[in-house]
Amino acid sequence: MNPVEIEEAVSQLALEPFNRGEFPFSFLRAFGNPETTIKRLRTGSTNQSDVGGVLQRSNIHIATCDAGEVETTLGLLRDSPKTAKTKAKFILATDGESFQAEDRTSGETVACDYADFPDHFGFFLPLAGITTVEQIRESSFDIRATGRLNKLYVELLKDNPDWAKAERRPDMNHFMARLIFCFFAEDTDIFVGEGLFTRTVEQMSARDSSDTHAVISEIFRSMDTKIADRQSAGIARYANQFPYVNGQLFSGSTEVPRFTKIARSYLNHIGNLNWKKINPDIFGSMIQAVADDEERGALGMHYTSVPNILKVLNPLFLDDLRGKLEEAGDNGRKLLNLRNRMARIRVFDPACGSGNFLVISYKQMREIEAEINRRRGEPDRRSDIPLTNFRGIELRDFPAEVARLALIIAEFQCDVVYRGQQEALAEFLPLNSENWITCGNALRLDWLSICPPIGTSVKLRSNDLFDTPVTQSEIDFENAGGETYICGNPPYKGSQSQDEEQKSDLERVFSNTDANWKGLDYVSGWFFKAAEFSRFSSADFAFVATNSINQGKAVSSLWPLVLGSDLEIKFAHTSFKWANLASQNAGVTVAITGIANADNKPKTLFSVSESGALEARQVPFINAYLVPGPQMYVEPRSKSLAGLTPMAFGNMPIDGGFLSFTRDEISQSDISSEIRSRYIRKIYGGAEYIRGQSRYCLWANDVEEDELSKQSLFENRLQQVRSFRNASKRDATRALADTPQKFGWIAQDGDEVVMLLPRILSERREYITAGYEPIGTLTTDQAYVLLNAPIWNFSIISSRLHWVWIDTVCGKLKTDLRYSNTLGWNTFPVYQLTENNKSDLKRCAENILIARESHFPSTVADLYDPRIMPEDLRRAHEENDEVLERIYIGRRFRNDTERLEKLFDLYTKMTSKKAAA
DNA sequence: TATCCGACATTAT
DNA sequence: ATAATGTCGGATA
């Protein structure tokens with residue numbers, strides 16, 4: 001269940017008559033517990049309560065009681081030995097009048113009237129497995145509002161099918177934005193009279209809902225008409241009470257979708273919520289799913305947490321502002337300078353979604369400004385920070401609407417908090433008419449015209465930045481000295497999953513470069529455009545992006561263009577999971593990169609330590625791999641830089657799985673042992689090797705198909721391979737359809753001594769786990785192979801030095817290592833090895849293999865699990881490292897940082913020597 | 001020809 | 001259910 005669904009279930013429960021016996025079960029059901037769980041608790045088989053209540057292990061201990069006994073009952077629950085023993089997170093007591101609960105981990109408590117307990121449902125969200133985000137628990141209102149608006153939205157689309165079509169959706173979305181504004185305004189005295197909007201609609205429209213749309217439309221028309229013009233415009237008397245709002249919010253068509261009776265009652269429900277409590281930073285990202293038919297199922301789940309956003313904003317510029325505030329102390333002059341500086345700061349998010357980066361920037365800056373004004377004795381002073389300095393571009397119209405609204409709401413709320421309700425109201429309306437959130441394609445728009453480094457006007461230029469470079473003379477310098485910070489979390493899309501339009505977006509962005517843009521992630525476009533912007537007006541920028549742009553091949557394609565010789569990475573957050581509430585898509589791993597003009601200041605590298613704590617390191621340089629060290633790019637090579645044995649990419653079947661067999665499939669078939677030994681081979685992918693599993697394949701690349709089809713085991717399989725290949729849209733695959741017995745890519749003859757290593761390696765293992773397999777063993781493309789290779793190669797692959805190199809320079813799958821022959825093996829810098837070196841390394845390699853052997857039949861996964869790695873194996877690796885590292889520097893390296901430094905250094909020397917030669 | 005990647009995908013636990 | 005950890009083959013140079 002998502003938070004919205006839980007909120008609805010909890011609210012429903014509170015409306016029903018209180019039933020002492022049923023309440024605990026209904027409560028658990030509302031938090032998404034399946035019927036079977038409830039049943040088991042009800043029959044007592046899993047109910048461990050020792051106070052006559054209901055106790056669900058490691059979750060909650062609930063007891064209902066007689067009127068007036070709540071306090072005492074909660075005490076009983078608190079002291080219950082079972083509560084402690086079963087590690088219950090919460091205790092809850094209620095008599096149907098009053099409601100009390102406690103979070104046993106944090107000690108936080110809830111005490112309220114029974115009828116109001118749904119207001120605290122966020123408190124209990126861990127019961128539904130939702131723990132990721134701390135603030136979500138303070139967002140009960142936002143979740144509730146999202147749920148109600150969603151119901152209204154769906155209901156309206158159902159009855160106004162034409163509004164659901166692509167061309168009218170923007171009207172529908174604009175209408176929703178207007179409604180949200182009205183709900184907020186009527187609860188915050190922006191409209192004079194409590195609940196003015198909801199009340200007026202309720203009173204002036206017919207109960208049968210036939211004219212609801214007309215009444216709302218008239219109210220909207222009124223809000224778009226200046227007071228002086230209302231009489232001539234013939235505004236209805238009831239609509240005349242509404243203020244003139246402007247801000248483009250109510251301009252344009254005032255057409256309103258038709259309401260059913262149900263929709264009219266939903267509207268009333270929504271209006272009766274207390275919109276004062278809205279969190280514009282959270283609400284925006286929750287509500288945006290409403291307008292997206294595909295995302296609606298995950299309503300309230302794709303929520304970006306404030307701490308994650310601050311990981312971008314703090315090091316980008318907020319920390320600096322706070323530092324300056326501290327430095328200024330009570331010095332009025334310095335405080336004034338800081339305030340003047342902040343008044344000119346522009347924050348620009350060219351992928352702003354519903355504006356949460358902008359809203360949070362704005363709120364944080366207002367907080368700093370308020371402190372300045374407090375210290376200067378001007379607490380009521382009007383804010384000098386213009387809302388229009390927070391600019392954004394967003395592709396989808398609804399989030400774009402919501403972003404603007406969220407900023408307006410944030411401004412009002414900040415004014416109320418820092419200056420007071422009266423001052424906030426006095427200057428709120430009419431809204432600024434400029435639309436400073438642009439709905440459009442950020443990769444096609446000219447950022448300089450949307451966020452001009454100078455001046456305040458927003459005018460769209462149709463041409464791209466690179467079609468018509470902006471010349472200095474066009475720039476108006478009236479506000480010289482203002483800083484611009486570009487930030488955001490733009491969309492990521494791997495090179496293979498981009499659609500045609502996205503491809504052409506990138507093509508335009510990179511058209512004037514010789515970049516391999518086809519291989520780049522979609523997000524790269526934002527980095528490149530930000531860098532170009534920065535070169536016009538020195539704006540620092542930082543984005544969240546998939547970590548793959550800082551890995552593997554992408555590094556040498558993208559970063560030389562972004563950084564050039566004038567920009568530098570000023571801070572970075574290495575890979576971490578970008579968590580939101582959607583457990584099912586917890587999967588994306590991101591990094592944050594912040595870029596600024598080169599200077600001599602130290603850079604800050606953030607990373608999450610093993611214990612989960614955030615570490616910040618000051619280093620002289622951060623390179624594009626997000627490791628400390630001078631800028632350098634490792635490019636793929638087709639041959640080893642150091643003369644190592646060639647490493648081949650394994651045999652790729654391209655067979656839909658039909659050339660593979662399990663052990664059982666073979667043993668249960670009727671093939672003769674002769675056919676079997678002639679055509680069936682053992683084959684390894686990474687998984688089979690690491691987990692010690694078996695897999696077999698048909699290996700008969702050059703045998704006639706007719707010959708093979710005589711075997712019933714093969715006949716059907718070959719047909720399936722043929723049709724699988726024919727169904728492909730890749731030419732090369734279809735061309736293979738006529739020879740279904742043949743692998744798509746062949747790396748081996750099949751009779752060499754095979755050393756294989758998996759293409760994907762768990763980040764938990766401390767070494768790269770290559771291994772020898774018997775002659776004739778095959779590998780799939782999930783493993784690399786060295787054929788008939790001298791054993792000292794094994795020593796190199798198995799070394800910590802090599803692990804560090806691969807970890808840094810190759811790609812990743814999530815945070816796991818992804819080995820690459822071209823990027824990792826062929827680029828690995830090694831000194832020329834003497835015969836003595838080679839024989840020393842051979843001995844070390846053999847010792848590793850012997851240590852592994854001594855633990856037969858442990859699998860690689862067992863042996864290299866760092867928690868249980870056998871001592872003798874560990875020692876054999878240590879010795880191997882000792883010998884190899886002496887060849888590099890005559891002693892052991894102190895740590896991985898030192899290893900990498902040496903490797904980078906040697907790589908640079910070896911590549912420049914090659915280039916010179 | 002020869003890979004590199006996945007706002008992932010599927011299997012272990 | 002979450003945690004661990006690697007399929008598969010198309011797109012690309």
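Is Asp-162 buried, exposed or partly exposed? I looked it up: Asp-162 is partly exposed, with a relative accessible area of 35%. My scale calls a residue buried under 20% relative accessible area, exposed over 50% and partly exposed in between, using a 1.4 Å probe and protein chains only.

**Ground rules**

I am working with a predicted model, where local features need pLDDT of at least 70 and side-chain atom pairs count only at pLDDT 80 or more, while totals for chains, interfaces and linings use all residues. Residues are numbered from 1 along each chain as its sequence is written, chains are lettered from A and ligands numbered from 1 in the order in which they are written, and side-chain values use heavy atoms, with hydrogens and water left out.

**Salt bridges**

I counted a salt bridge where a side-chain nitrogen of Lys or Arg lies within 4 Å of a carboxyl oxygen of Asp or Glu. The structure holds 56 of these salt bridges.

I went back to Asp-162 and found a salt bridge to Arg-168, with the closest N and O atoms 3.9 Å apart. Arg-168 is buried, at a relative accessible area of 17%. Arg-168 also forms a salt bridge with Glu-255, at 3.4 Å between the closest N and O atoms. That pair links distant parts of the chain, 87 residues apart: Arg-168 sits in the loop between α7 (161-164) and α8 (169-187), and Glu-255 in the loop between α11 (230-233) and α12 (261-271). Helices here are DSSP runs of H or I, at least four residues long, numbered from the N terminus. Glu-255 is partly exposed, at 43%.

Next I checked helix α32 (residues 835-853), where Glu-835 and Lys-838 lie three residues apart, about one turn of the helix. Their salt bridge has its closest N and O atoms 3.9 Å apart. Glu-835 counts as exposed at 61% relative accessibility, and Lys-838 as partly exposed at 22%.

I also noted a network of salt bridges linking Arg-366, Glu-369, Arg-382, Asp-415, Arg-419 and Glu-427.

**DNA strand C**

How many residues surround DNA strand C? I found 28, the closest being Gln-496, Met-652, Thr-733, Arg-759 and Gln-782; a residue is near the strand if one of its heavy atoms lies within 4 Å of it. Helix α25 (residues 686-691) gives the most to this surface, with four residues.

Lys-729 places a polar side-chain atom 3.2 Å from a phosphate oxygen. Asp-816 has a side-chain N or O atom 3.4 Å from a base nitrogen.

Terms used:
Polar contact = N/O pair within 3.5 Å; in protein donor to acceptor, adjacent residues only side chain to side chain. Helix = DSSP H or I, 4+ residues; strand = E, 2+ residues; numbered from the N terminus.
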